Amino acid sequence: MSTPPETPATPPPEQPPTTPLKLPVVAIVGRPNVGKSTLFNRIVGGHNAIVEDQPGVTRDRRYGDADWAGKAFRVVDTGGIDIEAAKASSNTIAQAIVRQAMRAVEEADVVLLVLDAKEGMTPADHQAAEVLRRSGKPVLWVGNKVDGARHEAAAAAELYALGADEVHFVSATHGRGVGDLLDATLVRLTQAVDEVPDLPEPEAERPIRIALVGRPNAGKSSLINRLVGDERVIVDPTPGTTRDPVDTPFTYDDERYVLIDTAGIRKRARVELAMEKIAVAMAEKAMGRADVAILVIDAEAGVSEQEAKIAGLCDAAGCGLVIAFNKRDLVDAETERKLRRDLDRQLQFVPWAKVAYCSAKTGKGVRALLQTAREVYESAGHRVTTGALNRFFEGLVERHPPSVYRGHPIKLYYITQTGTHPPTFVLSVNYPEGVHFSYRRYLANQLRTEFGFEGTPVRIICRRRGGNKS
C-alpha cells in the first residue's frame, strides 16, 4: 500500500453544504420509546433506524427522503426529549441527544409530536409539548400504538384537554392511520412553505455513498461533522456513542454524497448487549450499500487485528476501501513509521487499499480524504472494452500461463468485464475449478496495474465455456 503525499487541507465550510433540491422538513420528536423510529421507517420506507423496546436507542438526527401524493419532503428522526432528566444528569450523551432534537425542531417546517397513546401523557410529554409551543412551529399531535376506536377515544380526551389542536392516531408498526397523518402533514407543509416540490424524476446519477467504519471512538462521527461543517452526529468520548447508521447527505464541489456513520465494530466477544449486537450488524450491512468504505483508525491506538477483520468485511462487501489514520496531529514521526509497518503486516491482504492521514480536530487532510474516496469510487466504476482486455490478456497468459490441473492443461479462452462497483470480470476456461486462487489474485493485480483499478477489490469469476461459473 502506497502512502499518497499529504496535500494541503482545504478549510471546512462556514455553513453546512446544501443538497441541490430544497425539500421541506418534517421532524419527528417526542419522549423516549414512543415509536418515533418505527414511524420514521414507515414513512421513508425500509429499515433505516434501529427499533428496540428500550428507551434512548436513537441518538443522532437521521434524515430520510419521503414522498406522498406526488410530493417530496425530508423526514428527520430524533432522540427522545426528556429535558428535565437531561438537565439533572451528568451524562453528556443524554444532553447531546436533547440538543440534537432541538436542532431538528429549529430546521423543521412541521413537527410531529409522537405520544404513546397506550401509556398516556407523562411529565416528559408535557415538557416536550411546552417546548414545541414556544418554538412557534406547526405541530401535529400523533398518538401512536393505538389498537382500536375505544382506545383512541380515551386518549383523544386527554390530548385535547392539554390544548392539542389536531390529533392523529396511528399504529406505526402496522401502518394504521399513517396515510391520514401524511395527508394532514402535506396540508400543514403547504401552509408553512412557499411550495412543496413535486416528486422529482429519478436521477441518472445517484449520490456517492461513503460508509465510515472502524472501532469505537476512532473519530468517525467527528470526521462527518468536520466534512459537513455542522454537528450532525453526536460526538462523545464514551465508546459506542453511535448506534445505528446515520445517513448524512451533502454536496461538495457539485458532487452529491451520502456519508454513513456507523457504530464502532468491536470484537464479538466484547459485544454483550442485544442492542449493540444489532448496531454492529447494521454497521456491517451499511458496508454492503456503500460504494466506498473509509476505515477510520485512531493513529494513537494503532492498527490491530480488529482493523484487519473490518477491512476483510469491506473486501467481502465489494466496496472500495480507504484506510484513514485519524488524529494525525497527535502522533510523531516515529509513531507514523510504526503505523506504516503495522499496516503492511496486519492489512497485507488488501494492498490495493488507498491510505490517507487526517485530523478531524484540526481539519487537516479531511477534504483530501473526501477527494481520495471520490477517486476510488470513479476507479471502481471504470469499464474496459473487451478488445482492450483480450489484447492485454493474451500477452499476460503467454508470459505466465496457469498451472496444470489433474494432468490437464488449463485453457483460458477470453475475458470480459461484466460489472462495476466492484470491477467484475468473467474468465472463460475449460476447467474453472482448476484456476487456483493465487492465479485469480495474480490476474486481479495485473488488471489493477494495467487499467488503474485503485482502491477497489477486483472480482474474477471463472466460467466453463458454455457451462456454469465457478
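In helix α7, Leu 223, Arg 226 and Leu 227 meet Val 366, Arg 367, Leu 369 and Leu 370 of helix α11, where contact means heavy atoms within 4.5 Å. The model is a predicted one, so local features are taken only at pLDDT of at least 70 and side-chain atom pairs only at pLDDT 80 or more, while totals for chains, interfaces and linings use all residues. Residues are numbered from 1 along each chain as its sequence is written, and side-chain values rest on heavy atoms, with hydrogens and water left out. Helices (H or I, at least four residues) and strands (E, at least two) are DSSP runs, numbered from the N terminus.

Back to the helix pair: by class, the contact of α7 with α11 holds five nonpolar, no polar and two charged residues. Here Ala, Val, Leu, Ile, Met, Phe, Trp, Tyr, Cys and Pro count as nonpolar, Asp, Glu, Lys and Arg as charged, and the others, Gly among them, as polar. The axes of α7 (residues 220–228) and α11 (residues 366–380) come within 10 Å and cross at roughly 95 degrees, which makes α7 roughly perpendicular to α11. Axes are lines fitted to C-alpha atoms, for helices over the stretch in contact, and angles run from 0 to 180 degrees between N-to-C directions. As for the angle classes, under 35 degrees is roughly parallel, over 145 roughly antiparallel, 65 to 115 roughly perpendicular, and the rest oblique.

Two strands pair if DSSP finds at least two bridges between them. β13 and β14 (residues 424–429) are antiparallel over six bridges; among the bridge partners are Tyr 414 with Ser 428 and Gly 419 with Thr 424. β14 and β15 run parallel, also joined by six bridges, with Phe 425 partnered by Ile 460 in β15.

As for burial, six of the six residues of β14 are buried (under 20% relative accessible area; exposed is over 50%, partly exposed in between, with a 1.4 Å probe and protein chains only). Both faces are covered, with Thr 424, Val 426 and Ser 428 on one side and Phe 425, Leu 427 and Val 429 on the other.

A couple of loops deserve a look. In the loop between β13 and β14, His 421 has a positive phi near 50 degrees and is partly exposed at 31% relative accessibility. The peptide bond from His 421 to Pro 422 is cis, with omega near 5 degrees. Asn 217, in the loop between β7 (208–214) and α7, likewise has a positive phi, near 65 degrees, and is partly exposed, with a relative accessible area of 36%.
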